[in-house]
Amino acid sequence: MMPTSFYRPRPGQRSWRRNPLPSVSPNLVISASLCLMLLVTAILAPCLAPFDPNIQNLTQRLCPPSALHWFGTDGFGRDVLSRVIYGTRPAMIMLAMIVTLTMPLGLLVGISAGYLGGWGDRALMRLTDIVLALPGLVIALALVAVLGAGLMNNVLALALTSWPHFARQARAETLALKNSDFLMAARMQGIGGWRLMYGHILPFCLPGAVVRAAMTLAHAILAIAGLGFLGVGAQPPMSEWGKMVADGSTVMAEQWWVATAPGVAIFLTSLIFNLLGNGLRDRLDPRHGNR
């Protein structure tokens with residue numbers, strides 16, 4: 001056998017010693033696993049919850065954590081652990097719908113503005129600046145006040161205030177690519193207009209948009225909880241973390257577990273999506289390298 005020190009790869013053969021496969025970011029692995037756990041929890045909530053989250057038992061109201069009720073009970077005698085588990089369902093549904101609405105809209109506006117330039121760019125960016133200048137939660141509250149409380153109205157309100165971040169990022173990346181040799185070669189082949197924008201520019205904007213989406217989810221979960229805390233989110237008897245915190249805040253001094261459990265769930269979910277955004281950035285953004 002030829003000694004390893006004298007080994008030379010044949011032409012076209014990959015040398016794993018000189019070009020090892022890029023390592024995966026630990027943040028990405030951990031956060032992706034935790035996100036998967038959240039999704040599994042939301043899907044299998046009826047199997048994981050020890051009690052029905054809506055069954056009231058006033059004889060066991062405000063019981064502290066015990067072997068029977070791990071997170072205690074609330075003011076109506078409902079199991080807090082079960083309600084926290086079921087609370088993942090509206091949270092995950094709303095987050096998925098917000099990203100589904102905001103990312104395509106932001107990419108459409110940003111790529112169009114960067115590619116068109118001139119008055120089209122100015123008009124789209126001034127609209128984006130106007131939306132960015134308005135406080136997101138205040139606008140969401142105003143829209144919910146007009147449209148009414150509920151999950152769908154909350155999604156619409158938060159989506160209308162979240163797309164400008166995607167638009168500005170997509171515009172900046174489009175401007176950086178607009179005069180590149182890659183696009184010039186595509187134009188020489190007769191490719192232009194929508195085919196050039198969304199067949200050649202869009203793939204380069206998607207990695208940054210995916211990272212932005214993960215960061216948006218971290219902020220969106222806090223906004224969803226804020227709307228629920230103010231009473232304009234998911235309506236009873238649906239389990240919703242923000243509403244649970246609001247209900248427990250009135251007895252926080254003595255029965256701390258009622259508000260603490262959903263509050264910790266909100267914090268951990270936001271932290272998970274922040275870690276996911278950092279991991280995706282390390283993996284997808286060449287300026288940070290593959291860590």
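This is a predicted model: local features need pLDDT of at least 70, side-chain atom pairs count only at pLDDT 80 or more; totals for chains, interfaces and linings use all residues.
1. The span of residues 191-210 is 90% helix and 0% strand, and its end C-alpha atoms lie 26 Å apart. Helices (H or I, at least four residues) and strands (E, at least two) are DSSP runs, numbered from the N terminus. The UniProt record, an unreviewed entry, lists residues 191-210 under "transmembrane region", together with 91-118, 130-152, 217-236 and 256-277. UniProt positions are given in the numbering used here, feature names are shortened, and annotations may be inferred rather than shown by experiment. For residues 91-118, the end C-alpha atoms are 40 Å apart, with 96% helix and 0% strand.

2. Residues are numbered from 1 along each chain as its sequence is written, and side-chain values use heavy atoms, with hydrogens and water left out.

3. The protein chain contains eleven helices and zero strands. Its pattern along the sequence is α-α-α-α-α-α-α-α-α-α-α. Of the 291 residues in the protein chain, 41% are buried; buried means under 20% relative accessible area, exposed over 50%, and partly exposed in between (1.4 Å probe, protein chains only). Among contacts (heavy atoms within 4.5 Å) in the protein chain between residues at least 6 apart in sequence, 70% join residues at least 24 apart.

4. Helix pairs come next. Two packed helices are described by the angle between their axes and the distance between the axes. Axes are lines fitted to C-alpha atoms, for helices over the stretch in contact, and angles run from 0 to 180 degrees between N-to-C directions. Helix H3 (residues 80-116) packs on helix H9 (residues 193-229) at an angle of about 140°, and the two axes are 7 Å apart. H3 and H9 are therefore oblique to each other; angles under 35 degrees count as roughly parallel, over 145 as roughly antiparallel, 65 to 115 as roughly perpendicular and the rest as oblique. The crossing of H3 and H9 is right-handed. A crossing is left-handed if the near helix is turned anticlockwise from the far one by less than a right angle, and right-handed if clockwise. The contact of H3 with H9 comprises 25 nonpolar, two polar and no charged residues. In this classification, Ala, Val, Leu, Ile, Met, Phe, Trp, Tyr, Cys and Pro count as nonpolar, Asp, Glu, Lys and Arg as charged, and the others, Gly among them, as polar.

5. H9 also meets helix H8 (residues 181-188): the axes come within 11 Å and cross at roughly 160°. That makes H8 roughly antiparallel to H9. H8 and H9 cross in a right-handed manner. On the H8 side the contact involves Phe182, Leu183, Ala186 and Arg187, and on the H9 side Leu196, His200, Ile201 and Phe204. By class, these residues are six nonpolar, one polar and one charged.

6. Which residues of helix H6 (residues 151-160) are buried? They are Asn154, Val155, Ala157, Leu158 and Ala159. The buried residues of H6 pack against H3, helix H5 (136-147), helix H7 (163-178) and H9. Within H6, Val155 is buried, with a relative accessible area of 1%. Val155 touches Met94, Met97, Ile98 and Leu101, leaving aside residues up to four places away in sequence. Val155 and Ile98 are 57 residues apart in sequence, yet their C-alpha atoms are 5.8 Å apart in space.

7. H5 and H6 pack at an angle of about 145°, and their axes are 9 Å apart. H5 passes H6 in a right-handed crossing. H5 contributes Ala140, Leu143, Val144 and Leu147 to the contact, and H6 contributes Asn153, Asn154, Leu156, Ala157, Leu158 and Leu160. Eight of the contact residues are nonpolar, two are polar and none is charged. Ile139, also in H5, is partly exposed, with a relative accessible area of 24%. Ile139 touches Leu134 and Thr161, not counting residues up to four places away in sequence.

8. One backbone detail remains. Most residues other than glycine have a negative phi. Leu62 has a positive phi, near 55°. Leu62 is located in the loop between helix H2 (45-48) and H3, and Leu62 is buried, with a relative accessible area of 17%.
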